[in-house]
Amino acid sequence: MAPIDTEILAVTGNEAAAEAMGQIDPDVVCAYPITPQTEVVQLYAQMVADGKVGSEFVTVESEHSAMSAVIGSAAGGARTMTATSSQGYALMWEVLYVAASYRLPVVMTTVNRALSGPINIHCDHSDTMGGRDTGWIQIYGENHQEAYDNCIQAVRIGEHADVRLPVTHMYDGYVISGAIGPLQMLTKEQVQSFIGPYHAINPMLDTEHPVTVGPFDGLHGWYFEHKVAQNRAMDRALKVIQDVADEYAELSGRQYGLLDPYRLEDAEIAIVVVGSTAGTTRMTVDKLRARGVKAGMVRVRAFRPFPHAAYAEALQHVKVVGVMDRADSFGAQGGPVFLEVRSALYDCDPHPQILPFIYGLGGRDIFPDNIEQAFAALQKAAQSKKRSSTERRYLNLRKD
Amino acid sequence: MTVDKKAGAKKPAPLKKPRARKAATKKPTWDISDVDSWGPERHELGATIIEAGNSVYNETGGWRSMVPEIDSEKCDGCMLCYFYCPDASIVIEGGKAVGIDLEHCKGCGICARECPTKAIVMKIDEKE
């Protein structure tokens, strides 16, 4: 079914996310503004003030409070959303784990920005990559359209009976959040019928059935069992993410998957990349293909849960895979995405060589030339008889 | 939750009389008697306790190391122990403190501290 309203709007990424929130019209939004997410909170507060949404908007004094209020609201039985970025995400840290372990299906927009220090307000993925083990589902978007589409799908994913986990969807700070790009919206009625009514499980505000949320688990309690239950829900989320994407495709005409492959079928070299840099990489792939180079790409969409089997299937025939990380894992063998992809491909026999690239930290520009350099390194590795070093390769780093 | 049958754990001393239950308190419908053996799928999402007041039916004082001892002769019926006890574990009969609900008393010692007539003293709770 084609979307009813196919008008193409020119919006910032933040406007796209705020519009999605407005059409979801959650019961409660608790949020604190932070660059570069501020516009989301500002626009939403305006919608509340103008009576365009029915949400209770809770202003708080910090992100720790924002996430705590979100947990209280969600445990109370309300469909709850928030938005953050960078230091705000970091300040939520301990309560992010609580939201996930209480199995509260809240939805958060996170605009990716570097973490201090040195203090830096520009895009990289250090914030959410650092939170990859908090138990939240993480879906990375590429562009304005996905800032909108992923926000709507996140509601269905988190609230699904097989999942019941919080979901954060991300897009790149500034590159997407502040820049103007195209957006096609659904109608509010379409969004409402897609997400459906919220079904709370054991809500605290059901006073006929009083419950205790977040009890002490005892000195020799069931923490271990609860953690395993959380992880099983993560595993089940893989299917739910795809099912929700398929259903959303029928509504919107836009198809998403667990990952986003591009010209991979006969690729000999390929790059795995997250977020807005996928657009530049896709363009570079086309350029190389025109020269006869068998280049391909995978864009990461679901990072938690990480669809390792899908990566193995998509990449096992490739000779050399380069993984471009916009965050580093200090002291590890490479960035977070590199570690996942390499682990996912380990059981393939034979498996591709996998090389780590780090780029774009603190908003460092990534030019088409830099991506061509990365592909050139992959090509060299593919032609070499020796296995290449798996030391990090830095793109657009000032040399010593 | 359930009584720990490990070596060293003492069965709680029986009360002189069963503690009076509120008439409104129903028997719990959420059966957790075998919770010790529950795997990941059996638990409520997020470890939520889905029924109020179920501690009445479960021993919660098993980890006590001190235990209050009441000399009812000294008790003048002021009820301070009863009001201060965080676990409603003071048994009152005829206006006087006559015993402790040892299934729920955690041995905090507040009753002994507050008792104006020193009718309550804390003793080491010797386990068998």
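Some ground rules. The model is predicted, so local features need pLDDT of at least 70 and side-chain atom pairs count only at pLDDT 80 or more, while totals for chains, interfaces and linings use all residues. Residues are numbered from 1 along each chain as its sequence is written, and chains are lettered from A and ligands numbered from 1 in the order in which they are written.

Let's start with chain A. It splits into domain 1, residues 8-252, and domain 2, residues 259-394. Those bounds come from an automatic or database domain assignment. Taken over C-alpha atoms, the domain centres are 28 Å apart. In the contact between them, domain 1 of chain A puts in 27 residues and domain 2 of chain A puts in 20. A contact here means that the C-beta atoms of two residues, placed from the backbone, lie within 7 Å.

Which elements of domain 1 of chain A give two or more residues to the side that touches domain 2 of chain A? They are α6 (126-130), β6 (137-140), β7 (167-172) and α9 (223-252) of chain A. Helices (H or I, at least four residues) and strands (E, at least two) are DSSP runs, numbered from the N terminus. The largest share of that side, five residues, belongs to α9(A). By class, this side of domain 1 of chain A has 15 nonpolar, seven polar and five charged residues. For the classes, Ala, Val, Leu, Ile, Met, Phe, Trp, Tyr, Cys and Pro are nonpolar, Asp, Glu, Lys and Arg are charged, and the others, Gly among them, are polar.

Next, the sheet. Chain A has an open sheet of seven strands, with mixed pairing, in the order β3-β2-β4-β5-β7-β6-β12. Pairing requires at least two DSSP bridges between two strands. At the edges stand β3 (56-59) and β12 (302-304) of chain A; each has a single partner strand, so one side of each is left without a neighbour in the sheet. On average, neighbouring strands are turned by 20° against each other, direction ignored. Look inside at β2 (28-31) and β4 (80-85) of chain A. They run parallel and are joined by two bridges. V28(A) stands opposite T80(A) in β4(A). On the sheet packs α7(A), which touches β5 (107-112), β6 and β7 of chain A, and its direction makes about 170° with that of β7(A). Axes are lines fitted to C-alpha atoms, for helices over the stretch in contact, and angles run from 0 to 180 degrees between N-to-C directions.

Now helix α8 of chain A, residues 188-195. Its buried residues are V191(A), F194(A) and I195(A). In general, an α-helix has 3.6 residues a turn, so residues three or four places apart point the same way. The face turned away from the buried side of α8(A) carries the exposed residues E189(A) and S193(A). For burial, count other C-beta atoms, placed from the backbone, within 10 Å of a residue's own: 20 or more is buried, 12 or fewer is exposed, and in between is partly exposed. The buried residues of α8(A) pack against α1 (13-24), α7 (144-159) and α9 of chain A. Just after α8(A), G196(A) takes a positive phi of about 70°.

One loop in chain A deserves a stop. G117(A) and P118(A) are there, between β5 and α6. The peptide bond from S116(A) to G117(A) is cis, with omega near 5°. The bond from G117(A) to P118(A) is cis too, with omega near 0°. Most residues other than glycine have a negative phi, and most peptide bonds are trans.

On to chain B. Two helices and four strands, in the pattern β-α-β-β-α-β. Of its 128 residues, 16% count as buried. Among contacts between residues at least 6 apart in sequence, 72% join residues at least 24 apart.

Last, two backbone details. A88(B) is not a glycine, yet has a positive phi of about 50°. A88(B) lies in the loop between α1 (80-84) and β2 (90-93) of chain B. K118(B), also not a glycine, has a positive phi of about 55°. Its loop runs between α2 (110-114) and β4 (120-124) of chain B. Is K118(B) buried or exposed? With 9 C-beta neighbours inside 10 Å, K118(B) counts as exposed. A88(B) has 14 such neighbours, so it counts as partly exposed.
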